[in-house]
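Q: Please take a close look at the helix packing and the aromatic ring pairs. I would like one connected account.

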Amino acid sequence: MARFLHIADVHLGFDRYDSPERTRDFFYAFNDLVERYAIEDAVDFVIIVGDLFEHRTIQPAVLNHAQIVLRSLQAANIPVIAIEGNHDNRPYGAATSWLRYLSDWGLLTLLEPGAQDAGEPFYEPWDGQRGGYIDLDCGVRIIGSQWYGASAPMAIQQIATAIEQLPPGPAHQILLFHHGLEGQIARYQGALRYGDLLPLKTAGVDYLALGHIHKSYIVEDWVFNPGSVEANSVEEVRYERGGFQVTIDPSGIQAKLCQDYQQRPIVRLSIKTQGQELMEDLVQLALQETQAAIARGAICPEERPIVELQIRGTVGFNRLDLDLRDLQQQLQTLTHALIFLLKFNVDTLAYGSPSSPDSDRHQIERDIYLDLLSASSAYRSQAQPLSEALLDLKQLQLSGAEEEELYHFLAGFCCDEA
């Protein structure tokens, strides 16, 4: 029997939103997940299926984050087996990567297929420094791969053939493969079809360990993807994610998704406008929606969450007149959010009065004034008299009226309306 922790897409060094504290969140999540579900539970090994790092080039602090966690596993005598993902694989033409550096220092085992163009076999056993597969004393053979991108279906055929040619080994085979399966998330191009994976099953892979897609899923009890360790965007809050703690024995595979570890709370709010609201009304709506989320416990200011408020719909004023920066600052202060994202996706309310082909110039002008005034929530209730007043004012101007007469006209109209 073997027990292990399967994680992927750690993304150490994540720097979106330009927040050093958010960058540290990814280290805290990785560290806590490993401490709780690998070290405290004394698993036999840990697999990292690509994208340990966010970038191929990393800062010293990010390397330190990786070393802290890997050294804690080393101190607990828990080996770590890893492959590169698309974020942290070696750049084209380069001979090494930061995962190779960590492997050379003995902090993890980086499994890679051989360079066949250099005459190397596709899979060689791990020799302490290099190799494509490793046999563990707990009765598991772990096989590596690399990031293949669009050539993944062709690579799968090559990998399956190479697996079938390996010498006999442990009863259970695990393949680490950083790629996504179609149908799991929307708008994801280049995903593999389930049928593309079947040659691996035929070749004897009992547990296909995936990474790349940040959502947890299991397919047919042999394809497993744990999702990312932390949410890389507010959109990902709707996905389950974490790490799989797995038991594999002759009776089968049991995988439990582990999610109870340190992660930054993310809250998404939304407001739908109808076009009737004044600008001041919309500001109050945003404040009220946020205060309501705090009151019902969806937002806990002491946790310094990430909060997104989407304002959608139509507005009856020029959308550029709303001071979004000031409103965002008010909401961030109210929630104590580490990051407050205010998304103002609205259209300006438009009016179009039907005009007859026989309409004269005077009628067309009246309709235009009426439409412009009706589109503004500030003037909509007085659109009819105001449009008539604008027409009268224009006629006075064209007839050569003095400025004083124009002023008295406007003053008289305002008094009448008041």
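A: A helix axis here is a line fitted to C-alpha atoms over the stretch in contact, and angles run from 0 to 180 degrees between N-to-C directions. Helices (H or I, at least four residues) and strands (E, at least two) are DSSP runs, numbered from the N terminus. This is a predicted model, where local features need pLDDT of at least 70, side-chain atom pairs need 80 or more, and totals for chains, interfaces and linings use all residues. Residues are numbered from 1 along each chain as its sequence is written, and side-chain values use heavy atoms, without hydrogens or water.

Start with helix α1 (residues 20-39) and helix α2 (residues 60-75). Their axes come within 10 Å and cross at roughly 5°. The two helices are therefore roughly parallel (under 35 degrees). On the α1 side, R24, F27, F30, N31, V34, A38 and I39 make the contact (heavy atoms within 4.5 Å). H65, I68, V69, S72 and L73 meet them from α2. By class, this contact has eight nonpolar residues (Ala, Val, Leu, Ile, Met, Phe, Trp, Tyr, Cys, Pro), one charged (Asp, Glu, Lys, Arg) and three polar (the others, Gly among them).

Helix α1 also takes part in a ring pair. The search of the whole structure finds eleven aromatic pairs (Phe, Tyr or Trp ring centres within 6.5 Å, using the six-membered ring of Trp). The ring centres of F14 and F26 lie 4.4 Å apart with planes at 20°, so this pair is stacked (under 30 degrees). F14 sits in the loop between β1 (2-7) and α1, while F26 is in α1 itself, twelve residues apart.

F224 and F244 pair at another angle. Their centres are 5.9 Å apart and their planes stand at 85°, so the pair is edge-to-face (over 60 degrees). F224 belongs to strand β10 and F244 to strand β11 (residues 243-249), 20 residues apart. F224 counts as buried at 2% relative accessibility. F244 is buried too, at 2%. Ring pairs join F224 and F244 with F4, F45 and Y207 in a cluster.

Just after α5, G204 takes a positive phi of about 110°.

Key: Parallel < 35°, antiparallel > 145°, perpendicular 65-115°, else oblique. Buried < 20%, exposed > 50% of the residue type's maximum accessible area, 1.4 Å probe, protein only.
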